[in-house]
Structures are given as C-alpha cells and as structure tokens.
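Please read it with the structure open beside you.

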Amino acid sequence: TKIDILVPRAMRDVVIDGLATKFNLHKTYEAADPKAAIEAVAERIKGIAVLGAKVDADFLQQFPSLEIVSNFGVGYDNINAVECGKRGVMVTNTPDVLTEEVADTAIGLLIMTVRELSAAEKWVRDGNWTGKGSYRLTKGTLRGRTLGILGLGRIGKAIALRAEALGLAVHYHGRSRQAGVEYPYHDTLEGMAEACDTLMLVAPGGEDTHHLVNAEILKALGPDGVLINVGRGTVVDEAALAQALADNTIHAAGLDVFENEPQVPEALLKQSNLVVLPHVGSASVHTRDAMGQLVADNLSQWFEKGRAITPVAETPQKA
Ligand code: GLV
Ligand code: GLV
C-alpha cells in the first residue's frame, strides 16, 4: 500500500500527478472543510508536501506518524524547522535547481529598476512614441555601481558572478566572512550600505532577518541608492521604504517579494521610482518542474532509503 502524504495547498497538476504515481495523496485543499479533512487523515500521514502553507508547532502536533515535510521552494520560513527537528521530523527544501533562474530574475529586476525599463515600456504601449519624440533620459545607470549582497549563499553567489560580468563591484554581508570568498566583507549591514549604492537582498525570512532593512539602512545607502529584494518581503520595513522612495532618500527600488503577499501596500505602489514583480524569481515552467521533481524525490528517497536529498540545516542530517 502507498504511503499517505498530505498536500494542504494546491500545486500545479504536473507536480500533483508526479506525487500521485508513488504516494496516496490527501489533497485537503479540495475539501469543503479543509481543517476537518486534515483531522480525518492526520493519524496516517507520514509526509507533507507543501507549497507556501504554514507548518507551525500547532499544525505539526496533529500528525503522530509524521516523518518528513518536503517543501516546494528554497525558502522555508513557512515551516517551523526547529520544532520539526525536536520532533525528529525531517524537513527538505528545493535548493540548486532554482539558483540560476532566481539569479537571472534578480539581475533583470536590477536593470529594470536602474534604467526604468518598465516605465519606458509602458510609455510605448500607451502610444507615446509617435508624436512625443524620444523618451526622457534616466538618471540611473549601472556604470560604476557597487553591489552589496545580503545573503551570499548559492543564489547570492550566482548573482555576484553576473554582477561582476556587468562590471559592478561586489561586496557582501552575512553572519560571518566566508572562507575562499574574495569579495569585500562587511560585518554590519549598515557598514555595507555605506560602502555600496546598490543593495541586493537574497536573505531568507524569519525572525533573524525581520525588518533588517529599515530607515537607517536606506539612509546609509544614499540618494543614488537602489534596493533590490528577491529574498523575503519580511526583510524590509515597507513603510520605511515607501517613505525613503517618496523623499528620494534613495533613488529607486525593485521588489519581487513583499511582507504580506499578495498584498502590496498602497504607500509603495504610489511611488513611481519602484518596480514590482509578483514573486516570480523561480517562476519558469522549467525550473518549477525541477522543483516539483525534487519535492517528490526527497519523499521517495526518504521512504525508500531513509535519507533525504536536500535536508535543511535545522533537522537531523541522517547519513
Ligand atoms: C507549483 O507547482 C508551482 O509551480 O507553482
Ligand atoms: C521562492 O521564493 C522559494 O523560496 O523558492
């Protein structure tokens, strides 16, 4: 008999179908009363495949037989991984397969923001080119910029390589200096913001990074400052950012992630020196399919061989 896996929130058919070939899926999001549907099967559930849904201590205590939570996404701030670790529950995510895609999106967003490309495109679509002459010049340019990366992990490094190829100087800040990394390191975010005019956020969410980018950091970035966020929305104090954009404390911002997705605060949307994307960092069919495959493979390897492919740091790294 197939192992019982809970799917609390919808995923694309191709991902669901892949899981269904190996597991007995409980797609409780389809039920009229999802909570009751979960309760009805909770005792049998050995694995959870999750995209975005919250897996906190309260949720976890419903599942006495749970062995593994397989997260769709590299970021897993939706999951209380420490609590999972205490319960001996494995948590996996989907790193690597999305690295290049997210790095491409980050660089695309950076260029869109600095060169105001979405406003220029809108100008053409609005029928302005014939009649109004040429488009205004932008103050922003990539030339001479120094990019400070918060979160120099796999994605951060892929962004750094691209930025170097574009002629930008790269700096980084994180919990500690990384052996073998040549980019200048700053032990505070504020120090890095002072040394750079472009801030690239790739940091995961969670308590450690909550509102790290506040009014002081934006001020330190300065009037040519450009902020790009492809990590998690919770890293930025959105009210402070809206104010900094309104006051031209910084030049512009490009955001792929927000604190309360899909809500984008009106105070932000009002700013013309802002480019917004709907959390599409990894969102190509190619990459999302690869992530879905890894979600399934982590579950199968776990149940077949007792070992996960990409466990997160907080859970037991069973050999
Ligand atoms: C889920 O399968 C997704 O790619 O959004
Ligand atoms: C997307 O945001 C992810 O964490 O993979």
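1. A residue is taken as near a molecule when its C-beta atom, placed from the backbone, lies within 6 Å of it. On that basis, the residues around ligand 1 are Met11, Arg12, Val15, Leu51, Arg288 and Gly292. By class, this shell holds 3 nonpolar, 1 polar and 2 charged residues, where Ala, Val, Leu, Ile, Met, Phe, Trp, Tyr, Cys and Pro count as nonpolar, Asp, Glu, Lys and Arg as charged, and the others, Gly among them, as polar.

2. Please keep in mind that this is a predicted model, in which local features need pLDDT of at least 70 and side-chain atom pairs count only at pLDDT 80 or more, while totals for chains, interfaces and linings use all residues. Residues are numbered from 1 along each chain as its sequence is written, and chains are lettered from A and ligands numbered from 1 in the order in which they are written.

3. The domain assignment, which comes from an automatic or database source, divides the protein chain into domain 1 (4-95 + 285-305) and domain 2 (99-276). Their C-alpha centres lie 32 Å apart. With contact meaning C-beta atoms, placed from the backbone, within 7 Å, 4 residues of domain 1 are in contact with 6 residues of domain 2. The side of domain 1 that touches domain 2 consists, by class, of 1 nonpolar, 2 polar and 1 charged residues.

4. Alanine 106 touches Ile159, Met200, Ile228 and Val230, leaving aside residues up to four places away in sequence.

Terms used: Contact = placed C-beta atoms within 7 Å.
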